[in-house]
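Biologist: Hi! Could you walk me through this one? I'd like to start with the aromatic rings.

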Amino acid sequence: MDTLRSSSSSMVVRSPLPPVRTIASPSKVYSAAARFSSTPSVNGFRRNHLQLLRPFTSSSVPKFSVRCGAGVREIKESEFQSTVLESNRPVLVEFVATWCGPCRLISPAMESIAQEYGDKLEVVKIDHDANPQLIEEYKVYGLPTLILFKDGQEVAESRREGAITKAKLKEYVDSLLETISVA
């Protein structure tokens, strides 16, 4: 247990845990804990020594992924032709990346849409980093990007970039399905 004392004998603060800080440097991230030692006081005050404990290893840094549930399937470039372009049903393609925060944000909404509209359309995800040819071919500049395909073609006005709420996503899908059923 650490004890802080002032030059005044009336003030004593006891803490069972030392204060913890994270210090970031350009090359490494260190976990540091402030420890109060019994070094001699200077002008009546004890000095605080900050001790670096250990650098974080790559295994201790959290890794993120964009996982697919039962409704959304992740496909690769090799599967794009058969899954999207040759499909008998409309296919909503979501271009995502593991490092993309908005992609992780809308992932539950995409799962919900895939389950709710499972009889009307198929929903697939394509990893941006693993499929550069598709990214270049369909000119995906922002993530997440949603594109609806029907009969092997991108549906006009179906492209949408960025995060979207579940309610807005549902409106978007409803309007697209209405558009393609009229055409």
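Modeller: Happy to! Rings of Phe, Tyr and Trp count as a pair if their centres lie within 6.5 Å. Keep in mind that this is a predicted model.

Biologist: How many aromatic pairs does a search of the whole structure find?

Modeller: The search finds 3 aromatic pairs. In one of them, the ring centres of Phe80 and Phe149 are 5.7 Å apart and the planes stand at 85 degrees, so this pair is edge-to-face. Planes over 60 degrees apart get that label.

Biologist: Where do Phe80 and Phe149 lie?

Modeller: Phe80 is in helix α1, residues 77-85, while Phe149 is in strand β9, so the pair ties together parts that are 69 residues apart in sequence.

Biologist: And are Phe80 and Phe149 buried or exposed?

Modeller: Both Phe80 and Phe149 are buried. For Phe149 the relative accessible area is 1%.

Biologist: Nice. What about Tyr138 and Phe149?

Modeller: Their ring centres are 5.3 Å apart with the planes at 90 degrees, so that pair is edge-to-face. Tyr138 sits in the loop between α3 and β9, 11 residues from Phe149. Tyr138 is buried, with a relative accessible area of 13%. Ring pairs join Phe80, Tyr138 and Phe149 into a cluster.

Biologist: Switching to the backbone: is the peptide bond from Leu143 to Pro144 cis or trans?

Modeller: That bond is cis, with omega near -10 degrees. Pro144 is in the loop between α3 (132-137) and β9 (145-150). For context, most peptide bonds are trans.

Biologist: What is phi for Asp151?

Modeller: Phi of Asp151 is near 55 degrees, a positive value in a residue other than glycine. Asp151 belongs to the loop between β9 and β10, and it is exposed at 57% relative accessible area. Glu157 also has a positive phi, near 65 degrees. Glu157 lies in the loop between β10 and β11 and is exposed, with a relative accessible area of 78%.

Biologist: Last topic, helices. At what angle do α2 and α4 cross?

Modeller: The axes of α2 (residues 101-116) and α4 (residues 166-182) cross at roughly 40 degrees and come within 10 Å. That makes α2 oblique to α4. The crossing is right-handed.

Biologist: Which residues make the contact?

Modeller: From α2 they are Ala109, Met110, Ser112, Ile113 and Glu116, and from α4 they are Lys166, Leu169, Lys170 and Val173. The contact residues divide into 5 nonpolar, 1 polar and 3 charged.

Technical notes. Residues numbered from 1 in each chain as written. Predicted model: local features only at pLDDT ≥ 70, side-chain atom pairs only at ≥ 80, totals over all residues. Heavy atoms only, no water. Helix = DSSP H or I, 4+ residues; strand = E, 2+ residues; numbered from the N terminus. Buried < 20%, exposed > 50% of the residue type's maximum accessible area, 1.4 Å probe, protein only. Axes fitted to C-alpha atoms, helices over the stretch in contact; angles between N-to-C directions. Parallel < 35°, antiparallel > 145°, perpendicular 65-115°, else oblique. Left-handed = near helix turned anticlockwise from the far one by under 90°. Contact = heavy atoms within 4.5 Å. Nonpolar A, V, L, I, M, F, W, Y, C, P; charged D, E, K, R; others polar. Phe/Tyr/Trp six-rings, centres within 6.5 Å; stacked < 30°, edge-to-face > 60°.
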